[in-house]
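Please walk through the two-chain complex shown below, from the confidence of the model to the contact between the chains and then to single elements.

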Amino acid sequence: MVHLPFLLLAAVLLYVQATLARLSDVCPDVGPLLAVYLGLYARRENVAIAALLLGLLRGAIDLEPAAPMILIYLGVAKACAAMREMVYTDSAVSQWAVSFAATALYVIFYRVASIVLPMGAAGGENLMPRLAAATFGAVILAPGILGLLRLLRVGP
Amino acid sequence: MAGKARFPAGVAVVGFALLALTPTAPGFLRDLDLVFVHLFRVIDLPIVAAHRAVANSRGDGNAGEGLPAELRTRIRDGVARWDRLLRSGIERYAPELRTTIARVVAVDRLRRRLVIDAGPGVELRVGDPVAAGDVAVGRVIEAGGGLAVVETPWSRDARFAAGCVTAGGGEQIRFVSRGLARRESLAAVSNPERREGLVADYEVIVPNVDDLLPPGAPRLPPGLRLGRLELDERILRISAEHLWLVRPALDIELLDAVAVGFEASRRHAPGPYFEDVAPAALSCAALSPWRDGLALTGKGLEKGAAVVAADRLIGTIEDALLGAARVRGVFDPGQRLTVLIVTPRDAFPAELEVRRLGGGFAELQPVAIPSDKQIEEGDLVLAAGRGMHRPRALYVGEVEAVRDGRVVMAARRPDPTARTFVFRRVGAPADPWRPARRAELPDPSAPPGGGG
């Protein structure tokens, strides 16, 4: 039950993102930011299960299978958790910096996964640039989204 | 004293993900995420209701209901023109036979065989000739419930009577066309009546074999084209022996439908053969941000089923679990579409690959297209009925432009208020390649299902 508020808020954020994607080609991808939140602020013992839920949510809203997304989100969240002691997590600058690094990691993981795993992202000519643009575009929103999640105390 | 040892959750999660990635993993493990589609559906309901209210207030509440009548007429005329062309060969060379149009359900690229579907109201039998226009496609080798497996002259170990007419329309040289187990779709020439009379590029046709076969034995109508003769260059490089091959007159992978000939006495009650389509709730927002896809909830969702909204094909169900399904959109990049192109004067099959998606448009590269045809602005694109649960000639869109050899089409997101349907073939067998062992036999005396 400790994961439920996070699950619901993540679902709403991903839903809003997908709705925006219907209206415009330019749409930030908040998925990696949710993984950053888990890495920086969630209790360490809850990170893995929350990443699993995040991957499943993303799998439901995306065309990619959930399993690679679970591994990608878990990797990003664990990397951010490792940085937790090195940065001042309340600072917006730190949040931007960590989000930027995590986003870069996410895009690399995604690219590698699309090559070695049965994912369709390698299919189009402009898929990866669009994904990268959406993911890096979301970094601007990092302090706002991380602040909102912390304000609502969604855990986990 | 050490605390209670806990199994690390991270290891369990990684283990779960790796297990779900294995090809032999059970379906529910691989598609567990589909359960969350129901969660998105709950969030989605008020948005769809608001969308509908806005559409109604604007007076365009029926905007997503269907295609304009003029467009429907163009589609119907184009398909009818194509069907007439498909039938023309059998009607010309075997006027005693009746013909029916059967959609091509699946193509076995390796063994060069087809599964065709004429509908449960049509009784196909072993030996029925199959043609596309004046080109012979093959003959039925297994049939049941309107479905049939077709062996082509290029199938492995196939034996077909063939012949070529010598220059000036002289004497016909008959031989046996023997399907090769090669990657190229070429058939070998064996036992020719006169080897020295064979010349490269001669047209190969179905010969008259009345002097060789007893009356009533299944045979293809004489006169249909098979392909062209060519020398086997590979063998010629290593030996002085001249081996002849038959190159097919058409690419069977492109065909969206074929004509099947049968005796006039046979039961023939063609009609809609897709089950009364199951309405499914189209989720407004559960769409992939950078790909073309969506999620559906509803009953009767089956893998491979075509999803149609407002009379347009929007995709095919990739995975389904517990009343939720993931649909791969028709314009998802990397996807190859077998289509029928309808021009103002003509209709022809083609294969297009989606290369780019963005800005409300999709760019498609023609991968295979008849050499004498060209796709032009304004042409209609209709999807072939590949897969058991997909009718043929579903409207995909109109060609907006052709740039650098690529076809540009509008890739609209489906209207969430539009009526959405999922198709299901009546009496579909578990394995389309075993039509005789179908899971559910339709009652031949019952009228075919509505819809479709």
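The paragraphs below take up confidence, the interface, chain A and chain B in turn.

This is a predicted model, in which local features need pLDDT of at least 70 and side-chain atom pairs count only at pLDDT 80 or more, while totals for chains, interfaces and linings use all residues. Residues are numbered from 1 along each chain as its sequence is written, chains are lettered from A and ligands numbered from 1 in the order in which they are written, and side-chain values use heavy atoms, with hydrogens and water left out.

The predictor gives the complex an ipTM of 0.85 and a pTM of 0.80. In chain A the mean pLDDT (the predictor's confidence in each residue, from 0 to 100) is 81, and 90% of residues reach 70 or more. For chain B the mean is 79, with 85% of residues at 70 or more. Over residues 438–452 of chain B the pLDDT is below 50, and this stretch has 24 contacts (heavy atoms within 4.5 Å) in the model beyond near neighbours in sequence. Where pLDDT is low, the predicted coordinates should not be read in detail.

Between the chains, the contact takes 46 residues from chain A and 46 residues from chain B. Together they bury about 3,900 Å², 69% of it on carbon and sulfur atoms; buried area is the accessible area (1.4 Å probe) that two parts lose on being put together, summed over both. The count of salt bridges (a side-chain nitrogen of Lys or Arg within 4 Å of a carboxyl oxygen of Asp or Glu) between chain A and chain B is zero.

Buried means under 20% relative accessible area, with a 1.4 Å probe and protein chains only. Helix α6 (residues 127–137) of chain A has the lowest mean pLDDT among the elements of that chain, 77. The buried residues of α6(A), including A:L127, A:M128 and A:R130, pack against α2 and α5 of chain A together with β19 (347–358) of chain B.

Chain B has five helices and 24 strands. Of the 452 residues of chain B, 51% count as buried. Among contacts in chain B between residues at least 6 apart in sequence, 62% join residues at least 24 apart.

Methods:
Helices (H or I, at least four residues) and strands (E, at least two) are DSSP runs, numbered from the N terminus. Buried means under 20% relative accessible area, exposed over 50%, partly exposed in between (1.4 Å probe, protein chains only).
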